[in-house]
Amino acid sequence: MRRPQIDYTAVFHALPGMVALLTPDLLYADANGDFLRLAGRTREQLLGRYIFDVFPENPNNKAAAGMRETRASMLRAVATGERDTMALLRYDIEDAESPGRWVEHFWSPINAPVLDAEGHVALIVHRVEEVTELIRARGGPGLNGHARVLEAELYTRARELQDVNERLRRAQARDREIALALQEAMLPAPTPVGRHLAAVRYWPAVGTLHVCGDWYDLVDLPGDRIAVAVGDVVGHGLAAACVMGQLRSALSAAARVAEGPAEALEALGLYARSVDGADSTTAVSALIDWGDHTITYSSAGHPPPALLDTDGTVTFLDRATDPPLGARPEHAPRPEAGTTFDAGATLVLYTDGLVERRTEDIDTGLARLADSLARHGRRDPEDLADALLADLVPPAGNTDDTALVVIRL
């Protein structure tokens, strides 16, 4: 059966309810029939014009804040790429036929972004439900005084809710900034690893609530060896960033004295039992020895490192995987495995934000990583890291952090 050709312009104009499209600069791009009818404006009076030039705020209402709140909501949708639902709002409209005459209106607005192919906000969908008659009818016939009391009460509570939401948004944004600063301070700066080339990347998740606890670490060891690790703390925000800092430091110290990655992760697991919020953390640690061209590795429930050979073959190092930290009721030694490598091969460690998607099986993400590595593997580590992120992180950003380490062997 052939799919019908859909005229989306006609669908938009036939939508029930008031819907308008605005540019990120808050200029009208279009409006459907119900919006034009209920707002009392023609399409020509809207298109290309700034929303608050068409609908200025009522100068006679000294307590009015509708313009400020509406503009703030729309700009949040542009800045975050996320839908913004407003509290009930009083916003009077000037009668187009009688300038200077303002008609009282109550609205329930939602502002939703429309993203282009590159993940940027191209338009804002401004949907408004007009509830003026509902507000006026609350008291019923003969109860106009009571209706006005209810109206005032509802309006006051809506304004209070809007203020609370605004304070919550500011607090969340502040927590996110602190968590990002903490992560940046605790993650090691990109530096050469001995005489070998390496690149590291950390991409925070999009959205104010999605700062996570991903980390990476590279440790120079005697004898032309390095220990490299990545990990991921469960949870979001400042608490996860704090746990991340403690575990990264502990594993970095353990890697300097342990016999190998398994012993280092074993020590980290014991330490994690005393850290609130560390349960179910995943981590993978690898010891690279250029003297005998070997990689020894151990994983605590983490996605497997990828080894790109010089012939373009990609192998996932998954022969030493154990449960995440704190997942076992009793302590047990962790497994360890090893493999050899040829000079010029590339090792990639990463967190799940690079490969996992909620709607996909993990094998799909791993296959996507292997394909990207095979196509870009001849690039130097810095360029390869950028190419992997460009290929694997969605244009609009991830809902999970991504840490990435690329080492030329």
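**View 1. The second largest cavity of this predicted model has a volume of about 140 Å³.** Here a cavity is a set of points on a 1 Å grid, laid over the protein atoms alone, where a 1.4 Å probe fits but cannot get out. Its volume is the space filled by probe spheres set on the points, with grid points joined across faces, edges and corners. Lining residues have an atom within 4 Å of a point, and the second largest cavity is lined by 14 of them. Nearest its centre lie Arg273, Arg328, His331, Ala332 and Arg334. By class, this lining has five nonpolar, three polar and six charged residues. (Ala, Val, Leu, Ile, Met, Phe, Trp, Tyr, Cys and Pro count as nonpolar, Asp, Glu, Lys and Arg as charged, and the others, Gly among them, as polar.)

A word on the model: residues are numbered from 1 along each chain as its sequence is written, and side-chain values use heavy atoms, leaving out hydrogens and water. Because this is a predicted model, local features need pLDDT of at least 70 and side-chain atom pairs count only at pLDDT 80 or more, while totals for chains, interfaces and linings use all residues.

**View 2. Helix α9 (residues 261-272) gives the most to the lining of the second largest cavity.** The helix supplies three residues. Helices (H or I, at least four residues) and strands (E, at least two) are DSSP runs, numbered from the N terminus. Look for Ala267, which sits in helix α9. (Buried means under 20% relative accessible area, exposed over 50%, and partly exposed in between, with a 1.4 Å probe and protein chains only.) Ala267 and Pro333 are 66 residues apart in sequence, while their C-alpha atoms are 9.6 Å apart in space.

**View 3. The largest cavity holds about 210 Å³ of space.** Of the 15 residues that line the largest cavity, Phe55, Tyr91, Trp107, His126 and Val128 are the closest to its centre. Which elements each supply at least two residues of this lining? They are α2 (33-39), α4 (51-54), β7 (106-115) and β8 (121-130). The lining of the largest cavity has 13 nonpolar and two polar residues, with no charged ones. In total, the structure holds four cavities of 30 Å³ or more.

**View 4. Tyr28 and Phe55 form an edge-to-face pair.** Rings of Phe, Tyr and Trp (its six-membered ring) pair if their centres lie within 6.5 Å; planes under 30 degrees apart count as stacked, over 60 as edge-to-face and the rest as tilted. The ring centres of Tyr28 and Phe55 are 6.4 Å apart and their planes are at 75°, so this pair is edge-to-face. Tyr28 belongs to strand β2 (residues 28-31), whereas Phe55 is in the loop between α4 and α5 (66-80), 27 residues apart. Tyr28 is buried, with a relative accessible area of 3%, and Phe55 is buried too, at 8%. Together with Phe35, these two residues form one aromatic cluster.

**View 5. Arg256 is found in helix α8 (residues 237-257).** Leaving aside residues up to four places away in sequence, Arg256 touches Val219 and Leu221.

How values were computed
On a 1 Å grid over the protein atoms alone, a cavity is a set of points where a 1.4 Å probe fits but cannot get out, and a pocket is an open set with protein on both sides within 12 Å along at least five of seven lines; lining residues have an atom within 4 Å of a point. Contact means heavy atoms within 4.5 Å.
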